[in-house]
Each structure stands twice: as structure tokens, then as C-alpha cells.
Amino acid sequence: MNAPAPGVPQRRRGTNLPKMGDFNQAVILDSIRRSEEGLSRVELAALAGLAAQTVSNICRRLLDSGLIVEAGKDGSGPGKPRTILRLNPKGMYAVGVHIDPALTSYALLDAVGTVLFSVDEATELGIDPAQAVANMGTRILSVIEQSGVPFGRIAGVGVATPGPVDAASGTVVSPPHMPGWTRVPLRDILAETTGLTVVVEKDVTASAVAELWAWSGHAAANFVFVYIGTGIGAGLVLNDEVVRGSSGNVGEIGHIITDPDGPLCDCGRRGCVKVTCMPETVVGLAREAGVLPAHPVGEPAPALADELAAVARAAAEGEPSAVEILDNSARRMAGAVSVLTNLLDVDCVVFGGPFWPALAPVYLSKVPALVAALSVTTCVHSVEIAGTRLTSGEEAFGAACLVLEKSFNASAEQLLLDAKA
Ligand SMILES: [Zn+2]
């Protein structure tokens, strides 16, 4: 009994052992969240592998707390009509904060991931980092107030920050381009200022969580998320769970060597992907080749994203040097990505990050065949190369998803935590 219905993807199943209430609750909530039409208690019991009475008790608790609602009856099957349960969008909310050296973005989401409020502000780099973080806390409180949602329904604050992080202590260690931010206790300062639970993760991990959130309803997800920003990093999702590593710093792929004779990297070696494929290198090569005009001395340099977009436009128009530069970049990126697909046996590589939109046309046309040729698993299954489902500017959305993920995802890690409780 309790087998999933045919055609229903196998999800993580619950356990009927005592003291596993929170884990089971997360399994039930996650199943309801993933179902567009809502689910009955009978369907939930089958999906989660739980006894009918256990499901009934959990649903009663979730209804009482307002996290789910009864949404009509389904009378299509045999027997008496079943009450359909759905997530209550107003049942809880999450705040996301994305810290970037230039901008700090804030977003407030409801329980189904709808952004209700968002705002961007310049990151305060000229002042004491602890004070800058305390100011973020004050801003979070004003975001909640401006959104009009009840404070008591805020499940927490998710913060996405440039790595490296010390996830255990919620500390930002020393992110590049953020001078003075050496071991800043981000989580503790924000928790103190806001009185809310705060989760801190590396920005790339938050993006992977957001991507996973956007994949909701698909079969078990196995993918690498490759983030192309000022640096290049990866997030990892295996079997529907975001992998974080022992300190929350999984995915530091920048030093994968893609060209042994390439430009020097800060690690002392040559041709690391973070150098060969970073937008600055592509733009620099384009300028050397005359694709971009040299910018006059004394004038401020144009924005990197604009220059990269200009190279991409030139390549789309067939300008030979631009085509060659971007093709080489795609080839090197494919080389780095195939190291990941071979190591991890994922079935998809998702690209994203602020510079992705400019690179997308060339990468999406070149990288799939290159990765297929280099991936050992190609003889067993294809490796899809895709662009992010999230549009740029949604980094704070990803940060808020960290909170929703913690509330909904029944992870093996959580099962262990519950067992210890
Ligand atoms: Zn390197």
C-alpha cells in the first residue's frame, strides 16, 4: 500500500517513526506546494508513504496554523468527494536580501513565491561593515512594514552574499570587491536587529535554490547551476536537494584549467576558467581586436555588461573577431562544464548570473554539442544545457527562497536534526 500512483514522480517519502513530526510535516507541505491542483489527504498519504491518521493529524495542524487551506472538493473519483488542500499564499512570508559589492536588493515573498515587494539600494562599503549590516536589518524591518504583511507571519530572512562564507556561524569571510568585510557576523547582527531567523548562504547556492524552486513539479532534479558574474561559480542540486559542502562553499570552480597557455590567474597558474571566460577577459580581447573602440584616457569606462553586450551583438552580426572570441570562450566554458558533468553525472547544466543574457545566444548554440562530446555519460543520457528560468534582478528572490526551502524541503539533513531532537 501507499505506493505512488503510476506516472507520479517518486518524492522523498515520510517516516512513521515517532519524533519525526517536523520532517513529515515538511514532506506534506512540499507535496502540496508542488501540486498545482492541490491534493487530497488520500493522495498525500500515498505520495508521502504515511499512514492516513498521520496525514490527517498533520493536515489538521497545518490548517489550524493557516499554512494550508481547504480549496473545494474533488468528486470525480469513486467514493465520497475528497477535500482538496492547497498552500495558503498568506500563510507565511519570507524576506530575501542579496548583497553584491554594488547593490543590495531586498524582496518579500509570500508562501508560493510571489514577490510582493522589492527594492534595491547601494551597498554601504565606506562604513564599518557591522554598521552597514545593522542598517540592512533596519531596512528589512521597513520593507516588512511597507509591504503591509503581518510581522508574525514572516518565516525568516534569507541572505545571499558573495563567498566564501562560514555557513555554520553565518559569517561572511572576505568577499572580493568588499574591502574590510573580513569575518563579518552577518547572521547574528541581522538576527539581533530584526528579531527574525536569518539564513546566510553563498549567492550561487541561493541561485541554485531559486532555480530548484522554479523547477517545482518536475521529476527529481539533478543539475549544476553555473553563475557568470564578476567571478564564475557553481551551485549544485542532486536528487532534488541543494548540496552545500562541509562549510557552505561548494562549487568554487573558478580554477578549473581550460587553457594551459592562457592568461595568468591569481592562483599562479594559467588559463583558469575564471580568467579565460570572465566577461572582463572577453571584453579586453574584443578591445584588442578592434571589435570595441578603445575608450579615451581620463573618461570613465563603460559598464562591463554594456561592453559584453556590444561584443555579443557584433558576433551576432558576423564580425569575425567577435565570433572567434565568443566561440573560444564557449569552448573553454564547455571544457570546464564537462569536468562537472563527468564528476557529478547530472542531466542538466543551467547558466545564469548577471552576464548570462549577453552570452546566452553563443553559449546555447555552441556549448551543448561541445559538452556532449566531452561528457562520458552522453552514451547513457543526454546533458541538457539551459539558461536560467529566473530573470536577472531576481537574486533577492533567490535569497528569500532559502527560507521557503528550509520550511518546505524535507531534507535528509533535517531528518537527522529531528532525530537528534
Ligand atoms: Zn586559477
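Reader: At what angle do helix 9 and helix 10 pack?

Author: In this predicted model, helix 9 spans residues 304-316 and helix 10 spans residues 320-344, and their axes lie 7 Å apart. The contact is made by Val-311, Ala-312, Ala-314 and Ala-315 of helix 9, together with Ala-322, Val-323 and Leu-326 of helix 10. The two helices pack at an angle of about 115°.

Reader: Are helix 9 and helix 10 roughly parallel or roughly perpendicular to each other?

Author: Angles of 65 to 115 degrees count as roughly perpendicular, and the packing angle here is about 115°. Helix 9 passes helix 10 in a left-handed crossing, and the two are therefore roughly perpendicular.

Reader: Which geometry does the site of the zinc ion have?

Author: The zinc ion is coordinated by His-255 through ND1 and by Cys-265, Cys-267 and Cys-272 through SG, at 2.0 to 2.3 Å, and along the chain these donors follow the spacing H-x9-C-x1-C-x4-C. Four donors count as tetrahedral if all angles lie between 85 and 135 degrees. The angles among the 4 donor atoms are 105 to 121°, and the site is tetrahedral.

Reader: Is Cys-272 buried or exposed?

Author: Cys-272 coordinates the zinc ion through its SG atom. Like Cys-265, Cys-272 is buried.

Reader: What is the relative accessible area of Ser-40?

Author: Ser-40 sits in the loop between helix 1 (21-34) and helix 2 (41-48), and, leaving aside residues up to four places away in sequence, it touches Arg-82, Thr-83 and Ile-84. Buried means under 20% relative accessible area, and Ser-40 is buried because its value is 2%.

Conventions
Residues are numbered from 1 along each chain as its sequence is written. This is a predicted model: local features need pLDDT of at least 70, side-chain atom pairs count only at pLDDT 80 or more; totals for chains, interfaces and linings use all residues. Side-chain values use heavy atoms; hydrogens and water are left out. Donors are N, O and S atoms within 2.8 Å of the metal (3.2 Å for Na, K and Ca); water is not among the atoms, so sites may look incomplete. Four donors count as tetrahedral if all angles lie between 85 and 135 degrees; four count as square planar and six as octahedral if opposite donors are over 155 degrees apart and all others between 65 and 115; anything else is irregular. Buried means under 20% relative accessible area, exposed over 50%, partly exposed in between (1.4 Å probe, protein chains only). Axes are lines fitted to C-alpha atoms, for helices over the stretch in contact, and angles run from 0 to 180 degrees between N-to-C directions. Helices (H or I, at least four residues) and strands (E, at least two) are DSSP runs, numbered from the N terminus. Angles under 35 degrees count as roughly parallel, over 145 as roughly antiparallel, 65 to 115 as roughly perpendicular and the rest as oblique. A crossing is left-handed if the near helix is turned anticlockwise from the far one by less than a right angle, and right-handed if clockwise. Contact means heavy atoms within 4.5 Å.
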